[in-house]
2 protein chains.
Amino acid sequence: MINSNLREKKIRLLLTLLGFLFIGIAAVKAQVNSNYKNQKMTSFTDKGNAAPAANFTGTVWVNMNVKPEEGYNINAGTVTFEPKARTNWHKHSSGQLLFVIEGIGYYQEKGKPIQLIQKGDVVKIPKNTEHWHGASNDSMMRHIAIVPEYDKDKTEWLQPVSDEEYNTY
Amino acid sequence: MINSNLREKKIRLLLTLLGFLFIGIAAVKAQVNSNYKNQKMTSFTDKGNAAPAANFTGTVWVNMNVKPEEGYNINAGTVTFEPKARTNWHKHSSGQLLFVIEGIGYYQEKGKPIQLIQKGDVVKIPKNTEHWHGASNDSMMRHIAIVPEYDKDKTEWLQPVSDEEYNTY
C-alpha cells in the first residue's frame, strides 16, 4: 500500500510538471509569435542621420533602408532635404532611381534646365550623367534613392551647386 | 535713287524677317524649356492597370515604374491591393524589396505567422523563399515592389492563399 501510494504521488507530480511544461512552451511560443507579428521594421519615412557635409549644401538627412551587404546588390536610402538644401553635382556609373515621397524639389542634368519634381515622381537618372537633386526654394523634399547593380557602380562626387546655378529655376 | 531706295527696302525687309526669326526661335526655346520643366513624370502613386488574375486573389492593380528594358536591371512597380486582396504564394530567386507607401497589409513567409505591414515599412523578402503579401482584412495596402538583379531573377508563381490561410492573422 505504501509503495503504491508513493508511485501514484510520483506519477501525479510528473503529470503536473509536464502540464506546466506544456503551458510554458505555449506561452513562450505565443509571445514569440506576437513579437514577430508586431516587430518594428525599418521605416523609410524616418529621416535618419545627418548626411556627410562634404557632398551636400544645407541640411540633409540620410536613412539607409537597404544596404549593399544585405545581398540584394542595390543601395536604397531615404534622403530628406530641408528647403534650399541639395546634393553636390555627381554621377553614378549604374545610374540612379528617385521615388519622391514628400514635398517639392529640383532635379537638373548638366546642360539642361532645372526640372521641378514632387511627390509621386519617379526620376530616372541615366548612367554616367552629371546631375544634382535637392529641395526647392521654399519646400522640403524627401525621396527614396536607389542605386541598382551596386557591385558595378562607381559614384563620383563633384563640386557643390552654386547659389547662382540653384537660382536659375 | 530708285535703285538705292529698292536696296534700302530689301535690307529693311531682310532685317524685319531676321527679327521675326529670332523672336520665333526664342519663343520656341522658352516653350521647350517650360514643357521640360513641367513635364509630367510617371507617378508611382497612380494605381495603374488590373493585375493578372491568375496570380492574385481579389482586386489588385499594378503600375510599372521602372521596366527591365530601361537599363537599370531592376523591375519596380506599385501594387495596390483592395481589402482582403493578395498575391498567390510565390518566390523570387533574386529576392524582393517592398516599400509600403499606403495602408495596412499582411506579409507571410511559408511556415511563419502572418506579419502586419504598414506605411513606412521596408519588407526584405529573402531569395528563393515562398511567401505572399496583400491587404489586411479591412484596409487597402499599396507598396512599391522591387526585384533587383532582374537579369538573374526567376519568379515562380504558386497556389492561391486560401481564406483559411489568410484568416490565421
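Predicted model: local features only at pLDDT ≥ 70, side-chain atom pairs only at ≥ 80, totals over all residues.
Local features required a pLDDT of at least 70 and side-chain atom pairs a pLDDT of 80 or more, whereas totals for chains, interfaces and linings use all residues; side-chain values rest on heavy atoms, with hydrogens and water left out. Residues are numbered from 1 along each chain as its sequence is written, and chains are lettered from A in the order in which they are written.

Chain A contains two helices and 12 strands, where helices (H or I, at least four residues) and strands (E, at least two) are DSSP runs numbered from the N terminus. From the N terminus on, the order of elements is α-β-β-β-β-β-β-β-β-β-β-β-β-α. Of the 169 residues in chain A, 41% are buried (under 20% relative accessible area with a 1.4 Å probe, protein chains only). Among contacts (heavy atoms within 4.5 Å) in chain A between residues at least 6 apart in sequence, 68% join residues at least 24 apart. An unreviewed UniProt entry places the feature "domain: Cupin type-2" at residues 78-146 of chain A; such annotations may be inferred rather than shown by experiment. Over residues 78-146, chain A is 0% helix and 61% strand, with the end C-alpha atoms 9 Å apart.

The contact between the chains takes 46 residues from chain A and 46 residues from chain B. The buried area (the accessible area, 1.4 Å probe, that two parts lose on being put together, summed over both) is about 3,800 Å², and carbon and sulfur atoms give 62% of this area. Two salt bridges (a side-chain nitrogen of Lys or Arg within 4 Å of a carboxyl oxygen of Asp or Glu) are counted between chain A and chain B. One salt bridge pairs K124(A) with E70(B), the closest N and O atoms being 2.8 Å apart. On the side of chain A that touches chain B, the elements giving two or more residues include α1 (2-38), β3 (60-66) and β7 (96-109). The most is given by β7(A), with five residues.

In chain B, F56(B) lies in strand β2 (residues 56-57). F56(B) is buried, its relative accessible area being 14%. Leaving aside neighbours within four places in sequence, F56(B) is in contact with A51(B), F81(B), R86(B), T87(B), N88(B) and W157(B). The C-alpha atoms of F56(B) and T87(B) are separated by 4.4 Å, although these residues are 31 residues apart along the chain.

How values were computed
Buried < 20%, exposed > 50% of the residue type's maximum accessible area, 1.4 Å probe, protein only.
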